[in-house]
Amino acid sequence: MSLDIRWLAPIALVAVAPQCIAAKYMSVEQARALIFPFADEFVHRPVQLTPEQMQEIDKLSGVPGRTPQQQVWQALSKGTMVGWFFVDQVIGKHELITYALGINADGSVRQFEIIEYLEAYGSQVRYPNWREQFVGKTVDSLLRIDSDIGNISGATLSVRHLTDGIKRLLFLHRSVLR
């Protein structure tokens with residue numbers, strides 16, 4: 001009895017193929033409710049940066065912007081502004097990561113959530129213990145990997161790019177929205 005190995009090829013491909021864990025974890029509305037649960041109104045305030053504003057934010061943050069448009073909502077509670085809600089995208093290793101960032105009225109990070117993660121690896125950036133490192137950070141915080149933000153083995157590019165994205169949004173907030 002001889003074994004024809006051609007029949008093993010499909011099994012071998014399935015056994016060694018990387019698992020894709022790409023997922024949409026929540027909607028923008030769900031992220032807003034998680035980040036600002038006490039807000040009763042979100043006013044859409046999209047930002048269109050001028051070339052000069054983009055240059056200034058690039059220079060101050062050290063992070064080049066991908067687009068002059070930014071999706072922003074003002075979070076209100078009983079008519080009082082309590083913070084700003086951003087939806088942004090950064091590149092992971094190959095694919096875009098969509099995330100939401102809440103900035104308190106005082107300019108500190110309230111919280112951030114991963115909305116959609118399309119990479120095959122590195123989804124640990126959505127774990128609460130990693131995301132919580134950003135709470136309370138401001139434009140004056142270092143926001144450096146292995147300094148005040150921990151790295152994640154296997155997710156280094158996602159960690160770096162999310163950290164850079166948050167840093168850039170903090171500078172955008174200070175330069176344009178305050």
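The largest pocket of this predicted model has a volume of about 360 Å³. A pocket here is an open set of points on a 1 Å grid over the protein atoms alone, where a 1.4 Å probe fits, with protein on both sides within 12 Å along at least five of seven lines; lining residues have an atom within 4 Å of a point. Volume is the space filled by probe spheres set on the points, which are joined across faces, edges and corners. Of the 20 lining residues, R66, D88, Q89, V90 and R168 are the closest to the centre. Two or more residues each come from β4 (69-77), β5 (80-91) and α5 (156-177), and α5 gives the most, with 6 residues. Helices (H or I, at least four residues) and strands (E, at least two) are DSSP runs, numbered from the N terminus.

The second largest pocket holds about 160 Å³ of space. Its lining includes K93, H94, Y117 and E119, and α5 provides the largest share, 3 residues.

Residues are numbered from 1 along each chain as its sequence is written. Local features need pLDDT of at least 70 and side-chain atom pairs count only at pLDDT 80 or more, whereas totals for chains, interfaces and linings use all residues, and side-chain values use heavy atoms, with hydrogens and water left out.
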